[in-house]
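This report describes a single protein chain for a reader who has its sequence and coordinates at hand. Please keep both in view while reading.

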Amino acid sequence: MTGARPILNPREVPVSGIDAHLPALPAERLAPEALRRHWATVPLAAPERPGDGNRFPGRAPRAAAVLVPLVQRAEGLSVLLTRRTEALRDHAGQISFPGGSVDPTDANAWAAALREAEEEIGLARQFVEPLGQLPVYSTVTAFEVTPCVGLVAPGFELRLQSGEVDEAFEVPLPYLMNPAHHRRHRMQFLGVEREFLSMPWPDESGYFIWGATAAMLRNLYHQLSQDRAGLEPASMISP
C-alpha cells in the first residue's frame, strides 16, 4: 500500500466497538483549576493514538498546530469546534479544531494555533489562557499537528472566515471525556485494516466528530487520565 485511501463516508463504516468499559473522567478532574494543576505537575504521556496511519502519496510532512479551546461556561467546560466548508482540499466538511500550518513567522506551535484561531473564527487571543500541549498527531494528509490546549474566558465574539468555516459549536467536555461515547470503526482496503474513532454529538443525526479530531480528543482523555506521581492511570482518583 503506497498511500492511504480517503474515507469518504465515515458514518457508513461499521462500528467495531465502543469503549464503555473505560471510566469517564470525573467532573473534579475537568475543572479549570484541576487542569491547570495537571499541566503544571504531570509529564506529557505518549499518545494513545499517534496518527492516522499511511499518508496520501506525494506529500511531504508539514508542521501544523490546532487550538483545543476549552470554554469556561457556568455549567462547566465545553470544547469549541468548527465544521469546515465542503470546498476545502483537505478534510472538507469535517469537524475540526481551529488551526492550520505553522508559518515561518510563527515563533512556535502556540503562536500558530492562536493566529489561526483568530483568522479562522475570530477568537481573540486575549481570551485564551494556555494550559499545555498534547503529543504531535500525524494525519493522512501529511500534517504533523501539535494540539495546544487552552482555557477560553467567556465574553468573546466569533467571526467565521468565509470559505473555510461553515459554523462553530460547543460540546460539553465531560461528554467527550467519557469513553462510552468513543466508538471504533474498522475498514479494509487492499488487505490493510484501518481504524478510526468517532464521537457523534448528540447522536448520528447531529455532528459526527471523527478522524484526527476524535483521535486528539482521545489523546486528551489519555493525558488527563495520568497520575502526576508516575503516569499511572488515575481516572477515578481525585485531584
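How many aromatic pairs does the structure hold? The structure, which is a predicted model, holds 4 aromatic pairs.

## Two aromatic pairs

One of these pairs is formed by Phe 169 and Tyr 207, whose ring centres are 3.7 Å apart and whose planes meet at 5°, so the pair counts as stacked. Because Phe 169 belongs to strand β9 and Tyr 207 to strand β12 (residues 207-210), the pair ties together parts of the chain that are 38 residues apart in sequence. Phe 169 has a relative accessibility of 8% and therefore counts as buried, the cut-off for that class being under 20%. Tyr 207, with a relative accessible area of 24%, is partly exposed.

A further aromatic pair is made by Phe 196 and Trp 210, and here the arrangement is edge-to-face, with 5.0 Å from centre to centre and 65° between the planes. Phe 196 sits in strand β11 (residues 192-201) and Trp 210 in strand β12, so that this pair links distant parts of the chain, 14 residues apart. Are Phe 196 and Trp 210 buried or exposed? Both Phe 196 and Trp 210 are buried.

## Overall make-up

The chain contains 4 helices and 12 strands, and buried residues account for 49% of its 239 residues. Among the contacts between residues at least 6 apart in sequence, 70% join residues that are at least 24 apart. The chain exposes about 10900 Å², of which carbon and sulfur atoms supply 53%.

## Strand β3 and its partners

Strand β3 (residues 76-84) has 7 of its 9 residues buried, so it is largely enclosed by the rest of the structure. Which strand pairs with β3 over 7 bridges? That partner is strand β9 (residues 165-172), which pairs with β3 in the antiparallel sense, and within this pairing Arg 83 has Glu 167 of β9 as its bridge partner.

A hairpin connects β2 to β3 through 2 residues, and Leu 70 stands opposite Val 79 of β3.

Which side chain makes a polar contact with the side chain of Ser 198? The partner is the side chain of His 185, at 2.7 Å.

When its neighbours within four places in sequence are left aside, Ser 198 is in contact with several residues, including His 181, His 182, Arg 183 and His 185. Its contacts also include Phe 208, Ile 209, Trp 210 and Ala 214; among these, Trp 210 belongs to the edge-to-face pair described above.

## Helix α4

Helix α4 (residues 211-224) has 14 residues and reaches 20 Å from its first C-alpha to its last, which is close to the 20 Å expected at 1.5 Å a residue. This helix is mostly covered, since 13 of its 14 residues are buried.

Definitions and conventions. Residues are numbered from 1 along each chain as its sequence is written. This is a predicted model: local features need pLDDT of at least 70, side-chain atom pairs count only at pLDDT 80 or more; totals for chains, interfaces and linings use all residues. Side-chain values use heavy atoms; hydrogens and water are left out. Buried means under 20% relative accessible area, exposed over 50%, partly exposed in between (1.4 Å probe, protein chains only). Contact means heavy atoms within 4.5 Å. Accessible areas come from the Shrake-Rupley method with a 1.4 Å probe; for residues, only the protein chains shown count as cover. The expected span of a helix is 1.5 Å times one less than its number of residues. Two strands pair if DSSP finds at least two bridges between them. Rings of Phe, Tyr and Trp (its six-membered ring) pair if their centres lie within 6.5 Å; planes under 30 degrees apart count as stacked, over 60 as edge-to-face and the rest as tilted. A polar contact is a pair of N or O atoms within 3.5 Å; within protein, one must be able to donate a hydrogen and the other to accept it, and residues adjacent in sequence count only if both atoms are side-chain atoms.
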